[in-house]
Amino acid sequence: MSLISEKEIIEKVLGGDVNAFEELVLRYEKTVYNLALRMVSDRDDAFDMTQEAFIKAYNSLPSFRGDSKFSVWLYRITTNICLDFLRSKKRRPQVSLTAHDDEDEDVQLDIPDPAADPEGQLIKKLGMQSLSEGLKLLPDKQRQILVMRELGGMSYAEIGAALSLEEGTVKSRIFRARKRLSAYLIKRGNIPDELASK
C-alpha cells in the first residue's frame with residue numbers, strides 16, 4: 001500500500017465511507033498487535049489494546065494532518081494507550097487465584113489454556129522469558145521507545161515524530177534502554193547475539 005493510496009483511503013473514510021477504514025486495519029493489525037504485546041506482555045490485553053488503538057485512530061482521523069505516515073501516527077496512539085493501561089494496572093489491586101482445600105490450606109489454582117501446545121509453549125517460554133522480564137523492568141519511556149525501534153522497525157526520525165522528541169533524545173533513550181536490558185540479560189546468562197552486538 002503506497003502513501004498515496006493510504007491518503008485516498010483516509011479521504012474515503014473522512015468522506016463517510018466507514019468500510020474503507022477496514023483496509024487500514026488489515027494493513028496494520030498484526031504490527032499494532034505485536035507492538036501492544038511487547039508493551040503489555042499479555043495476549044488478551046494486547047488484543048484489547050489493538051482494538052482500542054484502531055477505535056481511537058478511527059475517531060481521531062479528522063485530526064490526522066498527514067505530517068507523518070499514518071503508521072507512525074497509529075503507533076503513537078498504540079504506545080500511548082499501552083502506557084495508560086500499564087499505569088492504571090499498577091494502581092489496580094491484584095486478585096489472587098488461591099483457594100482453600102479440605103484441610104483449610106492454601107492451594108494455588110492452575111487455569112489451563114486448552115489452546116496451548118505444551119511443548120511449543122515451553123520452548124517459547126524458555127526463549128523469551130528473560131527478554132520479557134527485562135523489558136518489564138525498563139522504565140515505561142525506555143520500553144516504549146525500544147519496542148518501537150526493535151519490533152516496529154521505526155527509524156529514529158519516525159520515533160521522534162511519533163513522540164515529539166528530538167532525534168538525539170530518541171538515540172539516547174534507545175542506547176540507555178539497550179544498555180539496561182543487556183545488563184539484565186547478561187546477569188541472567190541469556191543475551192541474544194543481536195542485542196549483544198548493538
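A salt bridge is a side-chain nitrogen of Lys or Arg within 4 Å of a carboxyl oxygen of Asp or Glu. The legends below describe a predicted model, in which local features need pLDDT of at least 70 and side-chain atom pairs count only at pLDDT 80 or more, while totals for chains, interfaces and linings use all residues. Residues are numbered from 1 along each chain as its sequence is written, and side-chain values use heavy atoms, with hydrogens and water left out.

**View 1. Salt bridge between D84 and R87 in helix α4**. A search of the whole structure finds four salt bridges; in one of them, D84 pairs with R87, with the closest N and O atoms 3.0 Å apart. Both residues belong to helix α4 (residues 70-91) and lie three residues apart, about one turn of the helix. Helices are DSSP runs of H or I with at least four residues, numbered from the N terminus. An α-helix has 3.6 residues a turn, so residues three or four places apart point the same way. D84 is partly exposed at 47% relative accessibility, and R87 is partly exposed at 38%; buried means under 20% relative accessible area, exposed over 50%, and partly exposed in between (1.4 Å probe, protein chains only).

**View 2. Salt bridge between R143 and D140 in helix α6**. The side chains of these two residues meet at 3.3 Å, N to O. R143 and D140 are three residues apart in helix α6 (residues 140-150), a separation of about one helical turn. R143 is buried, with a relative accessible area of 6%, and D140 counts as buried at 15%.

**View 3. Crossing of helices α2 and α6**. The axes of α2 (residues 21-40) and α6 come within 10 Å and cross at roughly 145 degrees; axes are lines fitted to C-alpha atoms, for helices over the stretch in contact, and angles run from 0 to 180 degrees between N-to-C directions. Residues L35, R38 and M39 of α2 and R143, Q144, V147 and M148 of α6 make the contact, defined by heavy atoms within 4.5 Å.

**View 4. Salt bridge between K171 and E167 in helix α8**. The closest N and O atoms of K171 and E167 are 3.8 Å apart. Both residues lie in helix α8 (residues 167-188), four residues apart, about one turn of the helix. K171 is partly exposed at 41% relative accessibility, and E167 is partly exposed at 38%.

Methods
Helix = DSSP H or I, 4+ residues; strand = E, 2+ residues; numbered from the N terminus.
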